[in-house]
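Good morning, and thank you for coming.

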Amino acid sequence: MKFKIANILLGLSVAGIYCLHRTFISVSLLWMLPCFLLHGTVVILGCIKIGWSFFLPVVCSSNTSSRVVALTFDDGPNKDFTPFIIDTLSRNNIKATFFCIGKNIPGNEDILKRMELEGHTVGNHSNSHHFWFDLFSARKMLADMQEVDKKVYAITGRKLTMFRPPYGITNPNVAKAIKMGNYTPVGWNIRSLDTVAKDKKQLLARIESRLKPGAIILLHDSIKLTSEALPEAIAMIRKNGYDIVPLSELFD
Ligand SMILES: [Zn+2]
């Protein structure tokens, strides 16, 4: 929708400059250049900022005023860290959402079974998590996404409904694939930056400073620091007066 508005605005600006040029020859067509540059910049930002919902509406937080947040973990299942993370969640009676990469599932079926048995939600984070995923055609993206559905269904018997785009990038093809697959796109509004955080202190401080009602927190169950910091992160979130609820409950 916002993408369409940006295109309409570009079209109107270019047409306006052309008309002015035809009427007053002193108006240069070069004025179109800043219009294209501005449009290009906005579109690129729209691709990388999932919270803008630029190409399609993406669930990135809840409008609730209640002090509740949801935890989401990307890029697993991971033999080394996901079981430890599930143990921590279980000890704290927390249900989270795991956006799994399909290619990581073979050999980790027991982890998927645990997620299902212990009441966590599994989401689709693409099969390949390919670096150029965003340049795939919509059909190729959908085929990649459906691979994950098949793998998870064979293990848990559950059909996946949520999709989180790899790298949080959206574009017209990602939007089309999500629509064709009838997925609910899910983003975040607290990016923990656990993949680049130097230590626990930095990670916890970043999450704490961004806590707000209805937030969806992005973490990774493929990172050692995240698995080690999780017990303290949970304690810190609760100390700030927030309940950690399943993603579905955030919207009740
Ligand atoms: Zn990822």
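Predicted model: local features only at pLDDT ≥ 70, side-chain atom pairs only at ≥ 80, totals over all residues.

Which residues of helix 3 are buried? In this helix, residues 82-91, they are Thr82, Ile85, Ile86 and Leu89. If we look down the axis of helix 3, these buried residues fall within an arc of 100°, and therefore they line one face of the helix. After helix 3 comes Asn93, and the phi of Asn93 is positive, near 55°.

Let me now turn to the domains. The domain assignment divides the chain into domain 1, covering 2-48, and domain 2, covering 68-250. Between the C-alpha centres of domain 1 and domain 2 there is a distance of 38 Å.

I shall close with a pair of helices, helix 1 (residues 2-23) and helix 2 (residues 32-48). Their axes come within 10 Å and cross at roughly 175°. Because an angle over 145 degrees counts as roughly antiparallel, helix 1 is roughly antiparallel to helix 2.

Which residues make this contact? From helix 1 we have Lys2, Phe3, Ala6, Leu10, Ser13, Val14 and Ile17. Helix 2 contributes Met32, Cys35, His39, Val42, Val43 and Gly46.

Thank you for your attention.

Terms used:
Residues numbered from 1 in each chain as written. Domains from an automatic or database assignment. Axes fitted to C-alpha atoms, helices over the stretch in contact; angles between N-to-C directions. Helix = DSSP H or I, 4+ residues; strand = E, 2+ residues; numbered from the N terminus. Parallel < 35°, antiparallel > 145°, perpendicular 65-115°, else oblique. Contact = placed C-beta atoms within 7 Å. Buried ≥ 20, exposed ≤ 12 C-beta atoms within 10 Å, placed from the backbone. Arc of directions from axis to C-beta.
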